[in-house]
Each structure stands twice: as C-alpha cells, then as structure tokens.
Amino acid sequence: MALLSFIALGVAASAQAQDPDYHAQGNPITATWSVDHRELAEDETLLATLTIRGATNPQEIVRPELGTMKAFTDQFRRIENGAESRAGEVSFTYRLQPRDPKTNRLPSLDFPYSRPGESRPTQSTRVKGIDLVVTAAVPKPELKPPPVPMTDPEELFSITTGPQVLRREPFSPSRSTWLALLLAGPLVGLTWFLVWRQLYPDAARRAHLQRTRAARRALETLRHSQDAGIVVLRYLRERFQLPHEAVTPADIESSLQGEKVSAENANAVEEFFRQCDAARFAPVSDSDLSLRDEASVLIARLEARA
C-alpha cells in the first residue's frame with residue numbers, strides 16, 4: 001500500500017509540473033488568437049495577439065512563454081514578446097518569424113485556469129490555432145548604377161609615337177588654360193547630367209509613379225478595410241521600405257526617421273498607431289470610421305511632405 005501511495009503521489013506531482021499555471025482565475029475564462037495577416041513570406045514577421053476574457057484577476061495573469069513550447073518552436077524560428085494590455089481583458093502580443101515555407105499554422109494553445117478561491121488550475125480553455133500561408137522569400141534585385149557616358153575628346157586616347165615622346169617641354173599655362181581647367185569640372189558634370197536625362201528620361205517619373213501607386217492603392221483599400229492600421233502599415237512598408245520588424249508605434253517612428261521622413265511626420269505616424277491600439281481594446285463604436293479618415297489624412301500628409 002505504501003508503494004502504491006508513493007507512485008500515486010509521483011504521478012500527481014508530475015501532472016502538476018507539466019500543467020502550466022498562469023495564475024488566471026474566472027468562471028469561465030475564454031481565450032482567442034488574432035494575427036495582423038495570414039499570408040506572409042518566410043522572412044517577414046507575424047504579429048500575433050493572445051486575448052484572454054472573463055478573468056477576475058487580470059493584473060495577476062502571467063504571459064505564456066511560447067519560446068518554451070515545442071509546438072511553436074517547430075513552426076517559428078524566432079519568437080519575441082511584444083506589448084501587453086490589462087484593461088478589462090488581457091492581451092499579449094508576440095512577434096513570430098516562420099521557420100520556412102512549410103510553416104502553415106499558428107498552433108493551438110491550452111490555457112488552464114482556476115475558479116475563484118481555488119489554489120490550482122482545475123479548468124482549461126482551448127485557444128484555437130489559425131491557418132497561415134507562408135511563401136518563400138523573394139530575393140531583392142541588385143541595383144546597378146547607370147552607365148557613365150564617355151565625354152572626353154578622342155585625342156586623349158590616341159597613342160603618340162616617335163622621338164617627340166621623350167622630348168620634355170616646360171609647361172607654362174596661360175590664363176585661358178587656368179580658366180578652362182576651372183570650368184571643365186562643372187561643364188563635364190552638366191554634360192553628364194544632360195546625357196543621363198536623355199538616356200533615362202523616365203527614371204524620375206517612374207519613382208514618382210511608384211510613390212503615387214502606393215498611396216492610391218492604400219487609399220482605395222481603406223474604403224473597404226475594417227483595419228486602418230494594417231492598411232497604413234503595408235503602405236509604409238511599400239512606400240518607405242519600413243522594416244517588417246517594426247510593428248510597435250515606437251519602432252515605426254524610429255524606422256521612419258531613418259528613411260528621410262521628418263520628425264513631425266514620424267510623430268504623427270506614431271500617434272496614429274497608438275490610436276489604433278487604443279481603439280482595438282475600446283468598446284464597439286464608430287472608431288473604425290474615424291481611424292479610416294485619420295489614415296487618409298495621414299497618407300496625404302506623408303505624400304505632400306515626403
């Protein structure tokens with residue numbers, strides 16, 4: 001009997017050690033996953049949010065560490081903790097980078113909790129996973145500078161032969177020679193610019209057209225999208241080459257200031273994304289329509305001052 005009691009206690013202790021305790025209490029508690037987008041390349045970052053509702057002790061809940069769970073480390077090569085919010089309902093964000101194009105799902109998660117007054121978790125809610133589509137990273141093309149046209153006179157490339165090659169004559173430049181030397185640099189530069197404009201007349205127009213297309217595409221998407229923040233984030237990535245790792249308002253502002261965006265505009269972008277975060281956890285209202293209007297004004301402002 002003593003041996004059986006010892007085995008039973010060992011099994012119970014092992015079960016408790018394997019069952020994580022996030023100190024959540026409620027009756028009942030529900031939890032859900034949400035992601036910023038379901039289709040991404042393997043070198044992009046996925047922003048996933050775990051939202052927990054119904055807890056009576058939101059300030060005491062411990063963040064689940066996905067980096068210690070095999071189901072997540074098998075799917076994602078990099079797992080970083082992001083922001084968290086405990087206003088009524090609890091939310092934890094994670095930045096995840098797919099391991100390879102075979103990654104096809106944000107795994108499900110068991111979230112144990114206890115009823116008020118209980119010391120250990122006796123209940124559990126299932127956080128349903130989300131299917132993903134991960135594609136191979138697209139290699140970035142190399143940017144080659146335009147060829148520099150030859151503008152020097154032909155006589156500079158002719159080969160001189162005969163005894164005059166060894167003859168040395170003193171060089172005494174005249175005034176006109178010095179003037180020609182002073183003007184040669186600006187003239188060559190102007191000639192190169194004019195020839196370049198002739199060879200590549202559409203370079204400036206293509207750059208302007210690319211910017212216009214990015215803004216037009218973003219404004220068109222805003223008319224039908226329910227998430228203005230995602231539309232603006234994609235616009236910034238296309239228009240200003242915003243890194244995919246920049247997902248928080250502070251990260252986005254810091255990255256934009258390095259992309260020749262004024263500090264005033266970068267601050268405006270940060271404030272917009274802070275409004276998106278606040279609206280995300282606010283009660284249902286007309287905030288979506290207001291944010292779409294704010295997004296349209298922000299894009300127009302960036303295009304006008306970029």
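**Strands, helices and a ring pair**

Mentor: S1 and strand S3 (residues 46-55) run antiparallel and are joined by seven bridges. This is a predicted model.

Trainee: What makes S1 and S3 count as paired strands?

Mentor: Pairing takes at least two bridges between the strands, and S1 and S3 have seven. Thr-32, for instance, stands opposite Thr-51 in S3.

Trainee: How do you know that S4 and S5 are paired?

Mentor: By the same test, at least two bridges. S4 and strand S5 (residues 90-98) have seven, in the antiparallel sense.

Trainee: In which order do the four strands form the open sheet?

Mentor: The order is S1-S3-S5-S4, with antiparallel pairing.

Trainee: What makes strand S1 and strand S4 the edge strands?

Mentor: Strand S1 (26-35) and strand S4 (76-85) each pair on one side only. On average, neighbouring strands of this sheet are turned by 20 degrees against each other, direction ignored.

Trainee: Moving to the helices, why is H6 called roughly antiparallel to H7?

Mentor: The axes of helix H6 (residues 249-257) and helix H7 (residues 263-280) cross at roughly 160 degrees and come within 9 Å. Angles over 145 degrees count as roughly antiparallel, so H6 and H7 get that label. Their crossing is right-handed.

Trainee: Which residues of H6 meet H7?

Mentor: Pro-249, Ala-250, Ile-252, Glu-253, Leu-256 and Gln-257 in H6 do. Their counterparts in H7 include Ala-263, Val-269, Phe-273 and Arg-274. The residues of this contact between H6 and H7 divide into eight nonpolar, two polar and four charged.

Trainee: How many aromatic pairs does the structure hold?

Mentor: It holds five aromatic pairs. One of them is that of Tyr-22 and Phe-111.

Trainee: Why is the pair of Tyr-22 and Phe-111 called stacked?

Mentor: The ring centres of Tyr-22 and Phe-111 are 5.0 Å apart, and their planes are at 20 degrees. Centres within 6.5 Å make a pair, and planes under 30 degrees apart count as stacked.

Trainee: What parts does the pair of Tyr-22 and Phe-111 tie together?

Mentor: Tyr-22 lies in the loop between helix H1 (2-18) and S1, while Phe-111 lies in strand S7 (residues 109-113). The pair therefore ties together parts that are 89 residues apart in sequence.

How values were computed: Residues numbered from 1 in each chain as written. Predicted model: local features only at pLDDT ≥ 70, side-chain atom pairs only at ≥ 80, totals over all residues. Heavy atoms only, no water. Axes fitted to C-alpha atoms, helices over the stretch in contact; angles between N-to-C directions. Helix = DSSP H or I, 4+ residues; strand = E, 2+ residues; numbered from the N terminus. Parallel < 35°, antiparallel > 145°, perpendicular 65-115°, else oblique. Left-handed = near helix turned anticlockwise from the far one by under 90°. Contact = heavy atoms within 4.5 Å. Nonpolar A, V, L, I, M, F, W, Y, C, P; charged D, E, K, R; others polar. Phe/Tyr/Trp six-rings, centres within 6.5 Å; stacked < 30°, edge-to-face > 60°.
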